Amino acid sequence: MPSDRAALSDIRVIEVGDLISAPFTAKMMADLGADVIKVEAPQRGDSARRHGPFPGDMPHREKSGLFLYLNSNKRGITLNLETKTGRDTLLELCRQADVVVENMQPEQVRALGLDYEAFARANPRLIVTSVTAFGRKGPYKEYKGQAINATALSGVASRIGDPEREPLTTPLSRGDYWGAISAAAATMTALFARRRTGEGQHVDVSSAECMSTLISSLNVMDFVDVGFVPSRYGSRLKMIAYPWTVLPCKDGFFTLITIQERHWQRFVELMGAPEWSKEARYKDRDAMGKLYPEEVDERIKPFLMSKTKAELWALCRENKIPFHAMQTMADVAQSPHLHARDYWVDMEHPDAGRLRYPGAPYKLSESPWRLNRPAPRLGEHNREVLCGLLGYSGVDLVDMRRTGII
Amino acid sequence: MTLPLEGYRVADLGQVWAGPVLGHYLADMGAEVIRIESSAGSDKMREIAKEPSEIRKMLDANFVFRNRLSVTLNFTKARAVEMTKEIVSHCDIVIENFSPRVLAKFGLDYPALRKARPDIVMLSMSAAGQSGPFRDLMGYGPSINSVSGYDSHVGYFGDNRLMVNAWDADPTMATMGAFAVLSALHHRESTGAGQYIDLSFFEGLTSLLGESVMDYSMNRRVAVPLGNRHPMMVPHGVYPCKGKDKWLAIAVSGQNEWRAFCKAVGEQEWTEDERFADVYARLQHREELDTCVAQWTRRQERYEAMHHLQSHGVAASIVASLEDVYLDPHDQFRRQDLVIEDGRLERNDVIYGIPWHLSKTPGAIRSLAHGLGQDNKGILCGMLGMAEGEVERLMQEQVVY
């Protein structure tokens, strides 16, 4: 039986986050038990509240799907950081915290004076994690960046899309998630360093740099394999042995990726070893992949078009071929595998109602990933946090509300 | 200098890409990471690292085997399995990404390793996790992005093809794995208890699709590719610049940034067009707006345009190639503080640095990759106390192999 103690239950995190990157970093920690207090601007709140999707396409600041997903398990307060009292209250809160996660735009950091030094003066043991597109140092440190900019500067966008058309960013702001995940892991290492040194520090994570670093190994490998840096992939890779391709089938798409000869052979047999497959031209997987993959795609299309993705996937799995259905979100939602593993979490929210959320990305046997509470309504925990943690009175709270601090 | 994970020891049974990336994160941050590998099951990454000369140096430096010790043990021999358990008894963490059941077959799964080291933290990464009807799902990282639902988003808006997104599943899951392992280690420091972590690529990748999952959950709407469109920002896209295949990514959020953008492009006639008067109007006329923006960008040199737009407070960046990433002054600057302790390595050789910048304990590239089995004697004699003669005999018997 797992214990009731969550892995990070002794860690308090203050999140000054907007949209995806810093909120997802804080969510990863909250889902393993950290006490995350999210700070939002009064009235406006996190812009993810306006992002959607919304139930029945009825916009409501407490019902945005992106916000609800990224902020469950957190407590939420409002603070107007443009006021001195707002900033002082934030720093007071930081004296009782282990970690601050922030993704303020550079001009905001400057205008508010909320740089690492300001946080460190308030609490020298604090880990301050900045997760931004370009990072907090370097020639572009003052530059504004969204996920698409980080993805562009990282070298990732240059590889995705049709070579004849514009490069594509990674969908669903994946660049922000890249920064967020890296920042979560980096923050943990800083917490380990603090055990040794007793000191906090600044953890500066640029999502562009995280992506460029990790994709560089692949790019260098391609360089070694084919001697040039290729352009965009299109619907297939054209620099390794066949197949690495995404093709239509009867009711959707099917993904065929392997580097091993035996997988391809099994697939040829699965197709009934058609006449063409016996020609020398279709025996050289290297030439097929690098010189005329489009032609091979056309050869196998009739077989793919005769079957649904579920039929093809079942056949491939039976025959130990690692080719996969291109699952849509409907397929994923109905996946028997995810149900068998109790992946989905159904949770009630006072405004948005009962909804199904993505579940644990990893199963920890002793200190499990858990969804305990839905995302906070704007300012929901003002009293709990400001009175409970910082000792303000109810009367103070009224004054703070009147004067636009909370 | 303090390294954050100094004093922790890791047995790294990682294969191909995801496992080894996780191993180097821990090693860069100071853990002593021992790769347990074998010539009997050769690894594609190792094959590549055998490349000669300058490229080899670059790969060693940039690649995923740096900072680690290497022991070769052939799991098909019972004695090698026993020695692996002995090594694990000296470790805090085990990471592996074999197909499920492979380690059980060798007698090296969590129950077995836990006997060797009761408080071990062990992470298994696999395509679909260690249980459930699809646990035997085979596949390379990139193809699991198809299973997760992600790749059904990769393409141009309104186009009937999908594009391949060949790269990010393995390193993304490795980074998530690093967070999970370190959290479990943190838990062990508080409670003394080790544990087992089952990381499924399928589930991990689906957990990054929150907005699409929620749209299905709320409205039964199935997400389709949106290309470079964003639900709130407009213009938001990749636009052509002067020169062949040169591009600029621009993202404009809200009305203030729009005004700044209009000023930056020199108050062109179209910036006054009422179709573009507010955010809602611009979302309705995205394509027309993109055409106008492209007319402007086409006349610009991409770096100049980036700096110019940024000076007006507009988010813009070039679309970098590998070469650009290597030469870009910002990227170069970010690599400047990389701590390199291996004298064979020049700073300029390194593209693959340490992207987590910890201001006081930054981690280090302490050494280039060790060759297969380079540390056999060091570990087997030093840590396990075996006699040199015995190690040599086991090498001849292909136990140490």
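This is a predicted model: local features need pLDDT of at least 70, side-chain atom pairs count only at pLDDT 80 or more; totals for chains, interfaces and linings use all residues.
**View 1. Chain A against chain B.** The contact joins 122 residues of chain A to 120 residues of chain B. On the chain A side, helix 7 (residues 174–197) gives the most, with 16 residues. By class, the side of chain A that touches chain B holds 64 nonpolar, 37 polar and 21 charged residues.

**View 2. Helix 7 of chain A beside helix 8 of chain B.** Helix 8 of chain B spans residues 169–191. The axes of the two helices are 9 Å apart, and the packing angle is about 30 degrees. Angles under 35 degrees count as roughly parallel, so helix 7 of chain A is roughly parallel to helix 8 of chain B. The crossing is left-handed. From helix 7 of chain A, the residues that meet helix 8 of chain B include Trp178(A), Ile181(A), Met188(A) and Leu191(A).

**View 3. Helix 1 of chain A on helix 7 of chain A.** Helix 7 of chain A also packs with helix 1 (residues 21–31) of chain A. Here the angle is about 40 degrees and the axes are 8 Å apart. That angle makes helix 1 of chain A oblique to helix 7 of chain A. Their crossing is right-handed.

View 4. Seven strands form an open sheet with mixed pairing, in the order 12(A)-6(B)-5(B)-4(B)-1(B)-2(B)-3(B). Its edge strands are strand 12 of chain A and strand 3 (68–72) of chain B, and each pairs on one side only. Neighbouring strands are turned against each other by 20 degrees on average, direction ignored. Where do the chains join in this sheet? Strand 12 (residues 362–364) of chain A runs antiparallel to strand 6 (residues 195–200) of chain B, joined by three bridges. There, Leu364(A) has Ile197(B) as its bridge partner.

**View 5. Inside the chain B part of the sheet.** Strand 1 (residues 9–13) and strand 4 (residues 93–96) of chain B run parallel, joined by four bridges. Val10(B) stands opposite Ile93(B) of strand 4. Helix 1 (residues 18–28) of chain B lies across strands 1, 2, 3, 4 and 5 of chain B, at about 165 degrees to strand 1. Helix 4 (residues 78–89) of chain B lies across strands 1, 2 and 4 of chain B, at about 170 degrees to strand 2.

**View 6. The two domains of chain A and a three-stranded sheet.** Domain 1 of chain A covers 12–213 + 340–402, and domain 2 covers 244–333. Their C-alpha centres lie 41 Å apart. Three strands of chain A form an open antiparallel sheet in the order 7-8-9. Strand 7 (244–249) and strand 9 (324–325) each have a single partner strand, so one side of each is left without a neighbour in the sheet. Strand 8 (residues 252–257) pairs with strand 9 over two bridges. Thr255(A) stands opposite His324(A) of strand 9. Helix 11 (residues 293–305) of chain A packs on the sheet and touches strands 7 and 8. The direction of helix 11 of chain A makes about 35 degrees with that of strand 7.

How values were computed:
Residues are numbered from 1 along each chain as its sequence is written. Chains are lettered from A and ligands numbered from 1 in the order in which they are written. Two residues are in contact if their C-beta atoms, placed from the backbone, lie within 7 Å. Ala, Val, Leu, Ile, Met, Phe, Trp, Tyr, Cys and Pro count as nonpolar, Asp, Glu, Lys and Arg as charged, and the others, Gly among them, as polar. Two strands pair if DSSP finds at least two bridges between them. Axes are lines fitted to C-alpha atoms, for helices over the stretch in contact, and angles run from 0 to 180 degrees between N-to-C directions. Angles under 35 degrees count as roughly parallel, over 145 as roughly antiparallel, 65 to 115 as roughly perpendicular and the rest as oblique. A crossing is left-handed if the near helix is turned anticlockwise from the far one by less than a right angle, and right-handed if clockwise. Domain bounds come from an automatic or database domain assignment.
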